[in-house]
Amino acid sequence: MQKLRAPLFGLSLVALAACDGLSPGRGTTAPVTAPPPSGESAALKTYYAEVQRDLLARGLLRTDGGGPDTPYTPDMLARNFEQIAFYDEYARGQGLRKSSGGAGQLRRWTGPVRLSLEFGKSVPGTQRSKDESDVGGFVTRLGGLTDHPISMTRSRTNFHVLVMGKDDSAQLESRLRQIIPGANNSTIRLFTNPPRDIHCLVAAFSDTDNDNSYRQAVALVRAEHPDLLRKSCFHEEIAQGLGLANDSPDARPSIFNDDDEFALLTTHDEALLSMLYDPRLAVGMTLDEARPVIHLMAREKAGRLY
């Protein structure tokens, strides 16, 4: 059995004013009829629909990837990469406890990423098909950006994206204990009973051979989300699960920012992912070791803008 170290979490938060019964991923052909939602699940669906309407009404959840109103210089890109790739928002293995704030070492996947979507019984077939299409296209895009083997799969999965709602809690717990049998109860509880203001989350695990090399990841996307919020969750949690574990209030245009200005991966974020998997950076590098290469790459990515 593969041994995994304590997880690193990435979360997407709501920002208003300030096994059995699971589909194993792509290729679902049989129609799936979901049971009627419980009152609690229906209330969550109404709540998240209102959240999305509020954000859109305030000009947030942009899908344009950034434009003339969101310029960034090479120095800004380098700074943002350092903050997002080398720092953690949450302490390792401590749930929602904030990190101490110190810079860590470079972490990313060293082997192929084999991602699958799994659905709870509450997710109807039409929604499953749309999610599979959205995530399949995004995974292809990520592979091209990183030049790293990232694919959708139905076997040997090591990046599990679980689309489940409140009514799937028992299924979710059972599946989590299958995927990450060594997970502690606080990790399980965070997935099965997250606070309402958490849109979605991801936990990435490294193995005992190399603490900075990811070997497995599990993401949760709430089944109650409307289309744009759920697509935003797919983008952010999958990208964070690849190694961009932090958020920064200075990152713009970016989804790695808690202000919800952008819903989907931006041109700036594409540059971050490309830099993360550039062979000139090595897993385990300290920030001081990586900084000269980071600034060189940032000039290559953003220098053409200035």
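The protein exposes about 12900 Å². Carbon and sulfur atoms supply 50% of that area. The model is predicted. Its secondary structure comes to 8 helices and 7 strands. Buried residues make up 55% of the 306 residues.

**Confidence**

- The pLDDT averages 88 over the protein. A score of at least 70 is reached by 84% of the residues.
- Residues 1-6 have a pLDDT below 50. Beyond near neighbours in sequence, this stretch has 23 contacts in the model.
- Residues 13-29 also stay under 50 in pLDDT. For them, the model has 53 contacts beyond four places in sequence.

**The largest pocket**

- Rolling a probe the size of a water molecule over the atoms shows where empty space is left.
- The largest pocket has a volume of about 350 Å³.
- The pocket is lined by 20 residues. Closest to its centre are Lys45, Ser122, Pro124, Ala223 and Glu224.
- By type, the lining residues divide into 10 nonpolar, 5 polar and 5 charged.

**Proline 124**

- Proline 124 lies in the loop between strand S3 (113-119) and helix H3 (125-146).
- Is proline 124 buried, or partly exposed? Buried means under 20% relative accessible area, and exposed means over 50%. Proline 124 has a relative accessible area of 32%, so it counts as partly exposed.
- Proline 124 and threonine 33 are 91 residues apart along the chain. Their C-alpha atoms are separated by 5.3 Å.
- Not counting residues up to four places away in sequence, proline 124 touches Val32 and Ala34.

**Aspartate 259**

- Where is aspartate 259 placed? Aspartate 259 is in the loop between H6 and helix H7 (267-276).
- Aspartate 259 has 34% relative accessibility, so it counts as partly exposed.
- Serine 248 and aspartate 259 are 11 residues apart in sequence. From C-alpha to C-alpha, they are 9.6 Å apart in space.

Definitions and conventions. Residues numbered from 1 in each chain as written. Predicted model: local features only at pLDDT ≥ 70, side-chain atom pairs only at ≥ 80, totals over all residues. Heavy atoms only, no water. Helix = DSSP H or I, 4+ residues; strand = E, 2+ residues; numbered from the N terminus. Buried < 20%, exposed > 50% of the residue type's maximum accessible area, 1.4 Å probe, protein only. Areas by Shrake-Rupley, 256 points an atom, 1.4 Å probe, with all protein chains shown as cover. 1 Å grid on protein atoms, 1.4 Å probe; cavity = no way out; pocket = protein on both sides within 12 Å on 5 of 7 lines; lining within 4 Å. Points joined across faces, edges and corners; volume = space filled by probe spheres on them. Nonpolar A, V, L, I, M, F, W, Y, C, P; charged D, E, K, R; others polar. pLDDT = per-residue confidence, 0-100. Contact = heavy atoms within 4.5 Å.
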